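Please keep the coordinates open while reading.

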Amino acid sequence: MLGDVVPELVLVVGGVIVLLYALAAPRRLQGGAAVLAMLTVAIAAAATIPMLDGPEAYTFAETYARDLPAVWAKLIVLVATAAVIALSVPWFRSDPRSGEYYTLLLFSSLGAVLLAGATDLKQFVVSMLLSSATGFVLVAYHRLSRASAEAGIKYYLLGAMTSASMLIGVAYLFGLGGTTTLPGLSTGLAAESGTGLAVAAALVIIAVAFKLGAVPAHAWMPDVAEGAPAPVAAFVTSVPKVGAFLFLARLMLALPLDGLGWRPLVAVIAAATMTLGNLAALWQDDVRRLLGWSSVSQTGYGLLAIVALERSDLALPALLYFLLAYVLANVAAFGVVVQLRGRTDRSAYRGLARARPVLAAILTITMLSFIGVPPLAGFAAKLALFAAAIDAGYVWLAILGAINTVVSIAYYARVLAPMYFKDLEGPVPVLSRSAGIAAVATGAAVVLVGIGAEPFFGAFDGIGLLPG
Amino acid sequence: MLTTAIFIPIAAAAVFALLPRRLRSPADAGSEADDPWASRLRLIASVVGVVPLILLLGAWARFDGGGGFELVESTEWIPTLGVGYRVGVDGLSLPLALMAALVFAVAIAYPVDVRGRAGPYYALMLFLEGVSVGLFLSLDLFLFFVFWDLSLVGIYFLIGVWGHGDARRSALKFFVYTFAGSLALLLAILGLYLATEPRTFDMAEIIRQQPLPAGGVYATLVFFGFFIGFAVKTPIVPFHTWLPPAHVDAPGPASAVLAGVLLKMGTYGFVRVLMSMQPETFARFAFPIGVVAVVSIVYGALVAMAQTNLKRLIAYTSVNHMGYVMLGLAAAGASLAGQEGAQALALTGATVEMIAHGLITGALFLISGSILTRGGTYEMDAYGGLAARAPALTGITVVAAFASLGMPGLAGFVAEFQIFAGALAVYPWLAGIGLLGIVITAALFLRMLQQVFLGPLPERWSTWPDLGWVERVTLGALVVLIIGIGVAPALLLDAIDTFAGPFVGR
């Protein structure tokens, strides 16, 4: 059994080691914590890769799934975490107590990983709380900065409310189904219908929506994107989504279809999320807030895959590929912001293409990928998502997604156009090589994963979720 | 060979984009005259730009027109989704790809103010050349869409950075409009893709399968997705509003490729995708499409007539000319027994018009760019009597304008004659009204020539320089072809007929 969770154990042990190191090491050696954290992530990834060939099964009495989607989610989370560590090193260099930061980062990514594999409501609660609690601290890590503290408080308050809703919902589901495991619930709830089940499911979905940044629990996203330390913003707006999307998919598969119209419900949430995110992003003059709202709208697109679950064999491949494309592009976009020392005013990006052509190109690539311009990864993701939605009979949702995409061009262009069309004002200082490398690497990955989509679609083809 | 033609310019574009800053854009300002690097870069770019043309001429030599796709090069790309890299030619795509390569070669060599950013400018032009040629050669809907969208991105930056006037706004309007169209196209492609069995994006396979028979909401939705996507790009009324600002504010060579090549992507899509993959649905809507075409013809001509701005005038004549193409396509796609000859004629005419319009409008936009660099404005009132100062400019403009208004012996006539001959047999009333467009364009082009080139020469143009040798050679190449197609159309028609005849007779 323990063999099934080696990567998770590596993250726990690594996190503890980093913490001990941070406590013991003198201030000038705090940077070593980052090296240890990076090492931890690398070992965890090395332990995960063999699982791609391994048997798919439940483990720990059906509370945890070791299926291919969970393994892929783990890899996506670990890659993103590694990139964020590289971004964080120069950002926190002058911070004398940055060592613990990496512990929190590791535990937070552990939360996302556990969420991706959770097939049990208790497991779900624990991993949600692990992911959230570490997230709150990470967001408010610059405790002397007003923006950071405010973002942390906002994130925390919304998190607390949705956690309450999660706990009530989970208790309710347990009461109705008589068990907490998803496989058990799928049989236990089969006969259930009506308001009780609907309320319970809605309460849990709201909690997941918080992690996803989906309507109605999306409001933290722009504030966190703006106020949190920039590497944390890259992390919190992307990594927890991986786990949340997979758990949502599992939960939907376990809930009975008759008597509970979860498919239309998720469709409405998807429509509202992408539309609201896009419309709100239109007015932003702060690039980080803009990326935050864009992140909300991207969640809306991703939900198309959840809507299409079971109705289209493209749904799960679309979801996984979307997560990969989205996480890479989002980390790369925030990575550029980090490398530009967190400059965030839209007008500060004027003429960037002449001063920092590579960074401008990376930001362009990520935004074009968000829009869905081929051959970038975001295009294949949107293609698969739309195809899944159409295949599932939700043509209107695909059309709405397309309309939203057109709207989104306007605000991405508001950032891109001044970079290329305006003249430079003043020097453009950058942070350090490691952040630059992380931004360039993730940006390049957006291109490579887009052109070389076959290995991924090939691997995702025909894989299924447990229970499913 | 085809793959090389697509990727040599794209690879060269990457090299140009990655040039060190010192070589890429050495001077921050100043014209090309004090910037030896810019003209050297232009020379290199021009040489690369000609390569696809030569390769495609080689393809033409090997093309035998036996029906079906030839010179196919294909490999798997995303086999899980049925996506492949597939390119090839037939009697429709080969002439269009050749025309695209020619217009690009000319536009790249054409002198232009690169505003101290020569490297990125030539990188974008070469990139656009690669994707445009690639689009006409694609035999896979996924690949087709990739090139389609990449061309939008390329033009967006060309207009935004090197345009004038309210360039940013025009660029954004262009991008939003045409991207909206391309998303409609994407949804339609997905709709078609999901109907295939086994699922594939392979054009030849979809044409063989005919997965969506006429009738039903689904087939109609897919049809309208394609229709909107192509109509925006073409553009036909009422989807044309992005076109005038994009053209007016774009630099001359960019307008030339925009009108000469990119608009053809829309009409090419109508034939290659809609008429081939949903012929029954197309036939059902052929008459309304014909009506829209005639509206475009008359409206485009009338609005062009009202312009005082030279470039807007040419831009609106594009709406008018694309209307001719659409009329030909509507006639060719109509479901009508016993008129196969006329329908094939209309289809051939429409294809020739695509090529002729590319050459003619390409030339006209380049000329307007030359006029702008010398005179600083597009307002025709500001000019007059240039014929005395600039015989070469006048001569070339006259030929292009006459070709555009359909003078016999020039390329435009060959096209328009066949379109109307074919359309009169299918939709006599529509074609009759459409003929009005020819009368109006004749009037407006004559007035344009009169205003700019005839009459007294204003004092301030007394030192007006005539075309330089590069301009003469490049425009001359276009003019030779315009006359050549007009005098001896057989060479071109033979190739197109290998496609059009069997297509209609099917």
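A contact is a pair of residues with heavy atoms within 4.5 Å. Among contacts in chain A between residues at least 6 apart in sequence, 80% join residues at least 24 apart. The model is predicted: local features need pLDDT of at least 70, side-chain atom pairs count only at pLDDT 80 or more, and totals for chains, interfaces and linings use all residues. Residues are numbered from 1 along each chain as its sequence is written, chains are lettered from A and ligands numbered from 1 in the order in which they are written, and side-chain values use heavy atoms, with hydrogens and water left out.

Chain A contains 20 helices and two strands, where helices (H or I, at least four residues) and strands (E, at least two) are DSSP runs numbered from the N terminus. Its radius of gyration is 21 Å, close to the 23 Å that the globule rule gives for 468 residues, so chain A is as compact as a globular protein of that length. The radius is taken over C-alpha atoms, and the rule is 2.2 Å times the number of residues to the power 0.38. Along the principal axes, the C-alpha atoms of chain A fill a box of roughly 65 × 55 × 40 Å. Of the 468 residues in chain A, 65% are buried; buried means under 20% relative accessible area, exposed over 50%, and partly exposed in between (1.4 Å probe, protein chains only).

Helix H14 of chain A covers residues 315–339. At 1.5 Å a residue its 25 residues should span 36 Å, and the end C-alpha atoms are 36 Å apart, which agrees; the expected span is 1.5 Å times one less than the number of residues. H14(A) is mostly covered, with 25 of its 25 residues buried. Just after H14(A), Arg341(A) takes a positive phi of about 60°.

Helix H19 of chain A (residues 433–451) has 19 residues, which at 1.5 Å each should span 27 Å, and its end C-alpha atoms are 27 Å apart, in agreement. Its buried residues include Ala435(A), Gly436(A), Thr442(A) and Val449(A). The cover over the buried residues of H19(A) includes H14, helix H3 (68–91) and helix H16 (357–371) of chain A.

In chain B, Ser404(B) lies in helix H17 (residues 391–404). Is Ser404(B) buried or exposed? Ser404(B) is buried, with a relative accessible area of 4%. Not counting residues up to four places away in sequence, Ser404(B) touches His321(B), Ile360(B), Leu364(B), Glu416(B) and Phe445(B).
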